[in-house]
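Me: Hi! I have a structure open and would like to walk through it with you. Could you take a look?

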Amino acid sequence: MTLSLGGAHAPGEDPAAPAPRSSDADLLQSPAPGPGLRRYPGLDQEAPRVCLRESQFDEEQVVRLLLQELHDRGFADTFAQLQRESGYTLESEPIARFRSSILAGEWGAVEQALLTIGIAAQDSAKAALFIVKRQQFLELLEARQLKQALLILQNELSTLTSDTRQLHQLSSLLMCPTPEDLRTAADWDGGSGRSRFLVLESLQAYISPGKMVPVHRMETLFGQAIAHQCNTCRYHVRPATQGLYMDHTCAETAFPPELQIALTGHGDEVWYVCFSPDGRYLASGSRDKTCIIWDTRDYSIVHRLAGHDGEVSYLAWSPDCRLIVSASSDKTLRLWDVESGEHLQTFRGHAETVASCQWLGDSNRFVSGGLDHRIIIWSTNGNIIKQISSPRVHDLVVSADCRLLLVADDKSDIHAYDLTTLTFMYNLEEPAVVMSLALSADAQYCLAELRSGELHMWDLNTRMRIRTFTGHSQGNYVIRCAFAGLDDRLVATGSEDGTMFVWNRDTGRLLAQLKGHSDTINVCSWSSKMAALATAADDKTIRIWPAYHGAPSDNSQQSGRPRTADGSDVSEDDDEDDDDDNQSVGSEMHSASASIHFSN
Amino acid sequence: MGYMHQVFFGGKGVYACRDCHTHIALRSRVESRYTGQYGRAILFIDVVNVRAGSEDKRSMTTGVHIVRDIYCMKCHKYVGWTYIKAFEPDQRFKEGKFILERELVYDVTREWGVC
């Protein structure tokens, strides 16, 4: 007589005679303690367990992962019950003792256990023992038992490894005067910290995972599944928040064209636009020699920054979003306060157009490159911190950790500099002149827009060109490319026909061709906070493209139609209206406060 | 129009805008030299860093042509013109080429040594 587990039968299952699985026989011979059969109260016979579903995964592995999860989450009763019912245990006795000895610091027992557990290769056994002895050595040093520590170093650590550099580093730790010094010098958090747990984790690499299941294995597997869903997501502009019950997928079409918002306000071609790091503002620079700061909630104009004598070619937000630097063809850079719109500094030092500028991690220093063979690091108080001569800089990008500086020169090379010392490291050669560069946030990938109309992507770890994106049209005018989407998963660039091209970075598939502008798109900028792309074009407008309905940047619910910055609805040819608008708005220009001039 | 990518030449024989020193043409791209009604002029096969204005029908000593005036991309000063169409058959070779007025440009390497 067989009974199924739990309450209701599975649909389609014949309750009278479900076939017992072949693994039931294995259960009976299971080596682990405890019966594999369940005793139902009131029944004399033992009923075999009925599995409701065939699975491709080995039952022992699945059950032991479940046991680990139950154990970690503190369900002690269920843990014991599952061990009894399934016949599997999470860890055998020797392993459990091994684990507890490490966490308790009983090094003699640990050494013994390592021998009995069995580590396959000879040099692995040495490496494993080295890890244990190193922890013992450090703990003895921390307890100021220098003599015993020295004995371990001389007699045991030195025989276990041939890495003399590490031995020297360990012996230098003997000199540390206080335990705090020891901890900082060895990058170690002490015997009572997480270090013993970390030793256990590193020893896992030497013990077969069948004997000792890697820590939080089920959670690792879940994380991999979510990461895979994100990687294969076509658009990936929304974070994966759907939990474990459903697969993550971004909407069928990213950047729905009906959500676009057109901003007018500049009197001439808009050459640069970028969102602030916190997503609250958008800054734009134009051929009309002014910059505008827009509020991203309602796209109203917050400040108009006037003062440059030449067209504004580049803008950079400080990391704390309080300052903004503009670079211009009048050979200067200007620093502005975002809150007040006040002009704080003028930086004179370049002899030609300043092509590009980037902040260096803090909000005190930034680097600029010009067509005059100079790269200059400035301080916000106006002084030059460092200056080097370089190839003519057409564009420069800085990695997030401020270690890498990439420069596009006028001879179709990309130069990489170590930013900490401003020394040249290596070249990446392109077949045509590089017009603009973009760097991913993790500094792994770099984009180069070429004069020939191709967008090249480089892998900076291997220094190889791994992908080419084509389809957009490009001529003599600088079109700036950018990474977009979550985790820089998308690549976007403008085109001379006024459409915006968006590709999936990893598959190279063209995802969208956004139409709306009537002239060359010069630049695009993505904001994760606003989940939108901003583009600026020669038609004097800026357009905001929210990535999906309901994005923070999407305010189509309010007006129901794409609108302009001043609230009127957008129409097809705006050009005459724009000129009139700018005549009246021009009177609101903030006059520049007294700026500090340099003599060169 | 847009943010024009400024080209720089290396080596010798670089003609640049007299006002802002933006490079415009190379001596190796000279086809011929003239003295026309506007003064000395040089015919180049190609030039860089200039923007062209609108088309204009002009009659010159050599005949009627459709030309576009060209301006330095940096300072926007007039530097010469380019031939779009020539109506005289013997002038057709000029189509697509550029005239720079000798007074408005200068050989940057000859006057400064390097560019």
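Me: Thanks! To start, which residue does the side chain of Glu430(A) meet in a salt bridge?

Reply: Glu430(A) meets Arg465(A), at 3.3 Å from N to O. A salt bridge here is a side-chain nitrogen of Lys or Arg within 4 Å of a carboxyl oxygen of Asp or Glu. Before we go on, this is a predicted model, where local features need pLDDT of at least 70 and side-chain atom pairs count only at pLDDT 80 or more, while totals for chains, interfaces and linings use all residues. Residues are numbered from 1 along each chain as its sequence is written, chains are lettered from A and ligands numbered from 1 in the order in which they are written, and side-chain values use heavy atoms, with hydrogens and water left out.

Me: Good to know. What does the pair of Glu430(A) and Arg465(A) tie together?

Reply: Glu430(A) lies in the loop between strand E17 (423–429) and E18 of chain A, and Arg465(A) is in strand E21 (residues 464–469) of chain A, so the pair links parts that are 35 residues apart in sequence. The strand and helix names are DSSP runs numbered from the N terminus, with helices (H or I) having at least four residues and strands (E) at least two.

Me: And is Glu430(A) buried or exposed?

Reply: Glu430(A) is buried, at 6% relative accessibility. The cut-offs are under 20% relative accessible area for buried, over 50% for exposed and in between for partly exposed (1.4 Å probe, protein chains only).

Me: How many salt bridges does the structure hold over all chains?

Reply: There are 30. One of them joins Arg183(A) to Glu180(A), with the closest N and O atoms 3.4 Å apart. Those two sit three residues apart in helix H9 (residues 179–186) of chain A, which means about one helical turn separates them.

Me: What about chain B? Which residue does Arg58(B) meet in a salt bridge?

Reply: Its partner is Asp69(B), at 2.8 Å from N to O. Arg58(B) lies in strand E5 (residues 50–60) of chain B and Asp69(B) in strand E6 (residues 63–72) of chain B, so parts eleven residues apart in sequence are tied together. Arg58(B) counts as buried at 18% relative accessibility, and Asp69(B) counts as buried at 16%.

Me: Changing topic: how many residues of chain B are in contact with chain A?

Reply: 13 residues of chain B are in contact with 26 residues of chain A, where contact means heavy atoms within 4.5 Å. The two chains bury about 1,800 Å² between them, 51% of it on carbon and sulfur atoms. That figure is the accessible area (1.4 Å probe) that two parts lose on being put together, summed over both.

Me: How many salt bridges and polar contacts are found across that interface?

Reply: The rule finds zero salt bridges between chain B and chain A, but seven residue pairs are in polar contact, both at pLDDT 80 or more. A polar contact is a pair of N or O atoms within 3.5 Å; within protein, one must be able to donate a hydrogen and the other to accept it, and residues adjacent in sequence count only if both atoms are side-chain atoms.

Me: Back to chain A. Where is His517(A)?

Reply: His517(A) is in the loop between strand E25 (510–514) and strand E26 (521–527) of chain A. His517(A) is buried, with a relative accessible area of 7%. Its side chain makes polar contacts with the side chains of Thr535(A) at 2.8 Å and Asp539(A) at 3.1 Å.

Me: Nice. One more: why is strand E19 of chain A largely enclosed?

Reply: Six of the six residues of E19(A) (residues 445–450) are buried, so the rest of the structure largely encloses this strand. Tyr445(A), Leu447(A) and Glu449(A) are buried on one side, and Cys446(A), Ala448(A) and Leu450(A) are buried on the other. In a regular strand the side chains alternate between the two faces of the sheet.

Me: Which strands does E19(A) pair with?

Reply: Five bridges join E19(A) to E18 (residues 434–439) of chain A, running antiparallel, and E19(A) also pairs in the antiparallel sense with E20 (residues 455–459) of chain A over five bridges. Strands pair if DSSP finds at least two bridges between them. Ser436(A) has Glu449(A) as its bridge partner, while Ala448(A) has His456(A).
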